[in-house]
Amino acid sequence: MKKRNGKVVRILDAAVKAESNYEFQKAKRFYKKIVEQYPKSPEEYIARERIKDMDALSIEKRTYKRIDKNAKRILTEIGMDVSSSPELMEILMQADAIDLESETALFIPLREDYVEEMLDIAPEDFEEDPGENSFGTGATPPFLHCPGREKIMPANREEFEEICKAARDFRDTIGIFSLPVATDKSISAFECAKLMAKYFPDLKMTYAKNFSDEDMKFFKNKEDWVDGTSLITTMTYMPTMVDSFIRSCKNSHTLLLLDLTIAGSTGPASPEALLTQVHAQVLFMIILAQTINPGVTCIHGGIPDVLGSGGDLDYSDPGQPLINSAMARLNMWVSGFPSAQSGGSTSIIDDIPAAVEESELSRNTLREYGVHILRHALGALGSLNYFSLDKFIQDCNRERESRKIMWETRHNHIVPLYFPEDKRVIRGIREIIAKGGAKNADHTLNNIDSFNKWHSVVAEASYKKDYFPNLRDTVKAHRNKKFRRVADELHESQLAQTRERIWEVDPEYGIDS
């Protein structure tokens, strides 16, 4: 058997390594060398296919760099509305963090050098990092979905422990065991955490807001625990979160800094402007956390959300996995912060088989484009309002199968996401602030269909080149549904034309049928 040319293999390996490091133009140079020097080789076929993708990925990375830059501009040129909080203002004033000479700011602007200084000291990794495409539970849905139960209720102690036992059985599958569901008064938040620790030894996440000061000592120096907290939304602080945010910054080993901003509602409608606002708000929380406790590990929990056609948060919308993949790429490719997004769920409530199916498609979409840590992917339904133990077990079993398929067809190529550009981000965000919300802004009206257009581009690209043919995903499902609808419409049109021709010959055709 003829041996493969060792040199061309080494060049291909170098190209793939550069691509894996997000150095797309460097990878392109290696691929071009293969095409020029080794025509008709198997490697030449792969290289030729990858060259165009390198340009698309380079453009995408450039957009993420612009988002990162503009997010910092928001912090220094516009600012966050924290002036009404004496506690936050005292922290910032004592650190000399505020740009007192700014003439453009609408709120409280930060000094540019202070922004860079605080972001530089924030760790870019953590001990218990489960790695890329780590899916888990989360969102703390307020209700436990139980078939046959008439009253909608949170979980009790016994039900919560049953969920923890199930998580133990799927330790190989769960990347993060985030507090899966709200509980009633039969069990405290701290007791929930102890049950989670009893059954699941890997990365866990809870909300320490309702913990006592004594309870907080349980998490001291524990690297397998993440404390989820938040402070900023719609460019302003949440008064009820100030004390708990500061306490978590002082006492927790690792923070998950959460931001849930919805396109066209609490944030801009265009994907790029939405990510810019989300990123700016999370960066502000990271900077504040480093000011309070220098060196504390911060996970970027930016969760951009989309509205469905009914005007409500919709985890069945095909844009949901795409925008969260983009958020993860921004952090993995550019900012360097650990990242935890949302996806792999559904808006379906009472049809568990359909909910399981739709969640699998969403997870596979996120897997194909790549994320870091992903919460809400196992067990959640009803757009994060419910948790189902039955669905959780089925999700975990499906996830095992999908991971197996992924490993069998695994390659190290990165798939372009064709993230849409918006050159009016800063202007649009200023307009939204001036007009009191996204719903009143021209920027929103001008980008009302931007997510649908983006999804169409991704769907068309996936039709031309399928990187993971054995994995079913959201993009393919919606694309196939659209093709079926077009085919049905064409079929009906052809039938109508046939009937018209028959009626011309036999006017009584169809009267009795």
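Is Ser 383 buried or exposed, going by its relative accessibility? At 10% relative accessibility, Ser 383 counts as buried, where buried means under 20% relative accessible area, exposed over 50% and partly exposed in between (1.4 Å probe, protein chains only). The structure is a predicted model, in which local features need pLDDT of at least 70 and side-chain atom pairs count only at pLDDT 80 or more, while totals for chains, interfaces and linings use all residues. Residues are numbered from 1 along each chain as its sequence is written, and side-chain values use heavy atoms, with hydrogens and water left out.

Back to Ser 383, which sits in the loop between β12 (380–381) and β13 (386–387); helices (H or I, at least four residues) and strands (E, at least two) are DSSP runs, numbered from the N terminus. Ser 383 is not a glycine, yet its phi is positive, at about 50°. Most residues other than glycine have a negative phi. Thr 140 also has a positive phi without being glycine, in this case near 45°. Thr 140 lies in the loop between β1 and β2 (143–144), and its 19% relative accessibility makes it count as buried.

Now for the strands. β5 (residues 225–229) has five of its five residues buried, so it is largely enclosed by the rest of the structure. Trp 225, Asp 227 and Thr 229 point one way from β5, with Val 226 and Gly 228 pointing the other way. Strand β4 (residues 204–206) runs parallel to β5 and is joined to it by three bridges; two strands pair if DSSP finds at least two bridges between them. Lys 204 has Trp 225 as its bridge partner in β5.

β5 is also joined by three bridges to strand β8 (residues 254–262), again in parallel. Here Asp 227 stands opposite Leu 255, and Gly 228 is opposite Leu 256. Eight of the nine residues of β8 are buried, so β8 too is largely enclosed by the rest of the structure. Nine bridges pair β8 with strand β9 (residues 297–305) in the parallel sense, and Leu 257 stands opposite His 300 in β9. From β8 the chain crosses through helix α10 (residues 271–292) to β9 in a right-handed β-α-β crossover (with the strands pointing away from the viewer, the path from the first strand over the helix to the second runs clockwise).

A separate description covers three strands that form an open sheet in the order β1-β11-β10, with parallel pairing. β1 (134–135) and β10 (340–342) stand at the edges with a single partner strand each, so one side of each is left without a neighbour in the sheet. Two bridges join β1 to strand β11 (residues 373–375), and Ser 134 has Ile 373 as its bridge partner there.

Turning to the helices, α3 (residues 42–78) has 37 residues and reaches 53 Å from its first C-alpha to its last, close to the 54 Å expected at 1.5 Å a residue (1.5 Å times one less than its number of residues). α3 bends by about 30° at Ile 51, the bend being the angle between axes fitted to the seven residues ending there and the seven starting there. Ser 335 belongs to helix α11 (residues 319–335) and, at 11% relative accessibility, counts as buried.
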